[in-house]
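Subject: Structure for you to look at

Hello,

Here is the structure I said I would pass on. Please open it first, then read the notes below it.

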Amino acid sequence: MDKPQKPDAKQGEIKPDWKDFVALVMAAYSILLPPLLLIFGAALLVLLLFYVVF
């Protein structure tokens with residue numbers, strides 16, 4: 001038997017749910033976090049070098 005469809009869903013349309021949103025957020029973090037950590041780590045090392053030298 002066919003499952004009853006929601007009245008607002010069109011034929012063949014895929015409705016995203018909360019799991020898709022969580023997966024999108026995790027993918028964005030996995031792409032953006034390493035470069036941000038490298039930038040902040042390099043800035044911290046430069047500041048530490050200035051603190052030790054001056």
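**What was found**

The chain has 1 helix and 0 strands. Please keep in mind that this is a predicted model.

**The helix**

Helix 1 covers residues 18-53. Its 36 residues should span 52 Å at 1.5 Å a residue, and the end C-alpha atoms are 51 Å apart, which agrees. There is a bend of about 30° in helix 1 at Leu-32, and a proline, Pro-34, follows within four residues.

How many of the 36 residues of helix 1 are buried? The count is 0, so helix 1 is hardly covered.

**The surface**

Of its 54 residues, 0% count as buried.

Which residues make the nonpolar surface patch? They are Leu-45, Val-46, Leu-47, Leu-48, Leu-49, Phe-50, Tyr-51, Val-52, Val-53 and Phe-54. The patch has an area of about 1,200 Å².

**The aromatic pair**

Two members of that patch, Phe-50 and Phe-54, come up again here. A search of the whole structure finds 1 aromatic pair. Phe-50 and Phe-54 form this pair, with 6.0 Å from centre to centre and 40° between the planes. The pair counts as tilted because planes under 30 degrees apart would be stacked and planes over 60 would be edge-to-face.

Phe-50 is found in helix 1. Is Phe-54 buried or exposed? Phe-54 is exposed, with a relative accessible area of 75%, whereas Phe-50 is partly exposed, at 47%. The two get these labels because exposed means over 50% relative accessible area, and partly exposed lies between that and the 20% under which a residue is buried.

An α-helix has 3.6 residues a turn, so residues three or four places apart point the same way.

**The salt bridge**

The search of the whole structure also finds 1 salt bridge. Lys-15 forms it with Glu-13, and the closest N and O atoms are 4.0 Å apart. Both residues are partly exposed: the relative accessible area is 47% for Lys-15 and 38% for Glu-13.

Regards

How values were computed: Residues are numbered from 1 along each chain as its sequence is written. This is a predicted model: local features need pLDDT of at least 70, side-chain atom pairs count only at pLDDT 80 or more; totals for chains, interfaces and linings use all residues. Side-chain values use heavy atoms; hydrogens and water are left out. Rings of Phe, Tyr and Trp (its six-membered ring) pair if their centres lie within 6.5 Å; planes under 30 degrees apart count as stacked, over 60 as edge-to-face and the rest as tilted. Buried means under 20% relative accessible area, exposed over 50%, partly exposed in between (1.4 Å probe, protein chains only). Patches are made of residues with over 30% relative accessible area and no salt bridge: like charges are joined within 9 Å, nonpolar side chains (Val, Leu, Ile, Met, Phe, Trp, Tyr) within 5 Å. Accessible areas come from the Shrake-Rupley method with a 1.4 Å probe; for residues, only the protein chains shown count as cover. A salt bridge is a side-chain nitrogen of Lys or Arg within 4 Å of a carboxyl oxygen of Asp or Glu. Helices (H or I, at least four residues) and strands (E, at least two) are DSSP runs, numbered from the N terminus. The expected span of a helix is 1.5 Å times one less than its number of residues. The bend at a residue is the angle between axes fitted to the seven residues ending there and the seven starting there.
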